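Here is a walk through one structure, taken a piece at a time. Keep the sequence and the 3D view side by side as you read.

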Amino acid sequence: MSRVGLRPIPVPSGVTVSIATGSVTVKGPKGELSQHVSTSLTIVEKDGMITLSRPDNHRVNRSQHGLARTLISNMIEGVTNGHGKTLEIHGVGFRAAMQGKVLTLLVGYSHDVTIEAPEGITIEVSAEARGKVTEISVSGIDKALVGQIAANIRKVRKPDPYKGKGLRYKGEYVKLRPGKRAITA
């Protein structure tokens, strides 16, 4: 049984948390985030710690308890340090470039694929050097939005299971399948 919801959340200095019925707002040096939470939960801020409690051990209340604790913790982490994901481009001739707030991907299609960064999200492309893998960094204060934008970028050209070409998360392992010749030989 998970005990995620029972752990208190430390609030660092410089971060203010506003608790209202059914919502929590967090302000910090990098910005402000707001999140709706279940009204059945009791949220208390005391001595720089936030604690959450549930009315009973009903299945829905237990799941909402852990979810709310994780969302509040991610908001506090986001407004203090921020969240980020890094993607790598593998493939001959595959490139990425930033033009203002628009990411342009050349990944083997007959056309360029453009993705615009929404408000609060920063996309950066590493300087490409010969023989090095190009990296795309997605960062922001909202963890869910950062993950969704990174997933949308990866979806443009998923890693090929035979050659390994495409976009993948940094550190992601792609198991290559054997081709026809390896099977018949």
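Two strands pair if DSSP finds at least two bridges between them. Helices (H or I, at least four residues) and strands (E, at least two) are DSSP runs, numbered from the N terminus. This is a predicted model, in which local features need pLDDT of at least 70 and side-chain atom pairs count only at pLDDT 80 or more, while totals for chains, interfaces and linings use all residues. Residues are numbered from 1 along each chain as its sequence is written, and side-chain values use heavy atoms, with hydrogens and water left out.

Start with a sheet. Strand β9 covers residues 102-106 and pairs with β10 in the antiparallel sense, over four bridges. The open sheet has three strands, in the order β8-β9-β10, and its pairing is antiparallel. Its edge strands are β8 (95-99) and β10 (113-116), each of which pairs on one side only. From one strand to the next, the twist averages 20°. Helix α2 (residues 143-156) packs on this sheet and touches β9 and β10. The direction of α2 makes about 175° with that of β10. Such axes are lines fitted to C-alpha atoms, for helices over the stretch in contact, and angles run from 0 to 180 degrees between N-to-C directions.

Look next at T104, which sits in strand β9. Is T104 buried or exposed? T104 is buried, because its relative accessible area is 6%. Buried means under 20% relative accessible area, exposed over 50%, and partly exposed in between, with a 1.4 Å probe and protein chains only. Leaving aside neighbours within four places in sequence, T104 is in contact with R95, A96, A97, Q99, D112, V113 and T114. Contact means heavy atoms within 4.5 Å.

Now to the nonpolar cores. A nonpolar core is a set of buried Ala, Val, Leu, Ile, Met, Phe, Trp, Tyr and Cys residues joined through side-chain atoms within 4.5 Å. In soluble globular proteins, nonpolar side chains tend to be buried together. The largest core here has 20 residues. L105, I123, I136, V138 and I153 have the most contacts inside it. At least two residues of this core come from each of β7 (83-90), β9, β10, β11 (121-125), β12 (134-140) and α2. The largest share, five residues, is supplied by α2. V138 shows the packing: beyond residues up to four places away in sequence, V138 touches H83, G84, K85, L87, I121, T122, I123, V146, I149, A150 and I153. Another core, of 18 residues, lies apart from that one and has V15, L41, I50 and V79 among them.

Turn to helix α1, residues 59-80. Its 22 residues reach 32 Å from the first C-alpha to the last, close to the 32 Å expected at 1.5 Å a residue. The expected span is 1.5 Å times one less than the number of residues. Buried residues in α1 include N61, H65, A68, I72, M75 and V79. After α1 comes G82, whose phi is positive, near 90°.

R69 is buried, because its relative accessible area is 8%. Which residues does R69 contact, leaving aside its neighbours within four places in sequence? They are V4, G5, R7, P8, I9 and L52. R69 and V4 are 65 residues apart in sequence, yet 7.3 Å apart in space, C-alpha to C-alpha.

D47 lies in the loop between β5 (42-46) and β6 (49-53). Most residues other than glycine have a negative phi. D47 is not a glycine, but has a positive phi of about 55°. D47 is exposed, with a relative accessible area of 73%.

Finish with the salt bridges, of which the structure holds two. A salt bridge is a side-chain nitrogen of Lys or Arg within 4 Å of a carboxyl oxygen of Asp or Glu. E135 and K170 meet at 3.1 Å, N to O. This pair links distant parts of the chain, 35 residues apart: E135 is in strand β12, and K170 is in the loop between β13 (166-169) and α3 (180-184). E135 counts as partly exposed at 22% relative accessibility, and so does K170 at 48%. R154 and E172 meet at 2.8 Å, N to O. Here R154 is in helix α2 and E172 is in the loop between β13 and α3, 18 residues apart. R154 is buried at 18%, whereas E172 is partly exposed at 25%.
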